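Visitor: Pick one part of this model and walk me through it up close, please. I'd like the cut-offs spelled out as you go.

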Amino acid sequence: MTLLDLWLSRSIPMCLLLQSLVLMALCFPSASMCPKGCICQRDPHLHGLNVTCSQSRLKEIPPTLPVDTVLLRLDHNQIGAVPDQAFHGLRVLRELNLSYNAVETLGEGAFSGIEGTLQVLDLSHNRITSVHRDAFARLKARVIVDDNPWHCDCALQQAISGMAHNHEAAARVLCRSSELNDQEGRPFLAVNTDLCNLAKRTTDYAMLVTMFGWFAMVISYVVYYVRQNQEDARRHLEYLKSLPSKPKKPDEADDISTVV
């Protein structure tokens, strides 16, 4: 066997090994990219990663998620909040599952950066009572909001109005509590009252009552002040009347006679 044959016999397996490593790097994400407690698998059909963090006892959204995440499952955890821009770097995210968590409210920028690509957003079975009026404004995704203790107020009414393409989701919003007592337990779309104007009227009424209260206090003080001064003046006058008159001196009487 020549030296060339020996070199070729050793280099071919090395090339095969390198090819295998390259294929593995392309098909599977590195362990450092995948959040702790999650499973990351590359989906060749979606050209991205399927990141599954279900039932991982997470209390917050992982801060470092692979940028090529297409499907993100965070369901059945203990996540209590969705910070603004929590998914900002996930520019190819299509499906986000946050169901069965403890989320209570949603801010304006909760889904900032994924509005254009997100197709499905599952927020069912949380503790959401209120949302910012623009929380869903730019989303084009199908939103699932079943089984949340919604408080039906002006902000929610504005948020629902921004979900014109999500009529099915809006129809599933039930009022656990409401600005109107007779709406509790009813679908939010059954509310025919403009809650924003109702809140404004309530505020205006409260301001009117407050202003009337202050005005009544001022009037009462003025009346009291005038009456008190009148009483003091009357007492002073009575005191002056009660004083004995000063007797006239004889010299003064003579002077007056002389002058006349």
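Guide: Let's go for the sheet, starting with the ground rule: two strands pair if DSSP finds at least two bridges between them. The elements themselves are DSSP runs numbered from the N terminus, with strands being E runs of at least two residues and helices H or I runs of at least four. Bear in mind that this is a predicted model, where local features need pLDDT of at least 70 and side-chain atom pairs count only at pLDDT 80 or more, while totals for chains, interfaces and linings use all residues. Residues are numbered from 1 along each chain as its sequence is written, and side-chain values use heavy atoms, with hydrogens and water left out.

So, what does the sheet look like? It is an open one of 6 strands with mixed pairing, and the order reads β1-β2-β3-β4-β6-β8. At its edges stand β1 (39-43) and β8 (142-144); each has a single partner strand, so one side of each has no neighbour in the sheet. Going from one strand to the next, the twist averages 15° (axes are lines fitted to C-alpha atoms, for helices over the stretch in contact, and angles between N-to-C directions run from 0 to 180 degrees).

Now zoom in on β2 and β3. These two run parallel and are joined by 4 bridges. As background, strands of a sheet pair through backbone hydrogen bonds, either parallel or antiparallel. Leu 49 has Thr 69 of β3 standing opposite.

What about the loops around here? Between β2 (48-52) and β3 (69-73) sits Gln 55, whose phi is near 50°, a positive value for a residue that isn't glycine. Gln 55 is exposed, at 62% relative accessible area. By the cut-offs, exposed means over 50%, buried under 20% and partly exposed in between, using a 1.4 Å probe and protein chains only. Further on, the loop between β3 and β4 (95-97) holds Gln 85. Gln 85 has a positive phi too, near 60°, again in a residue other than glycine, and is partly exposed at 48%.
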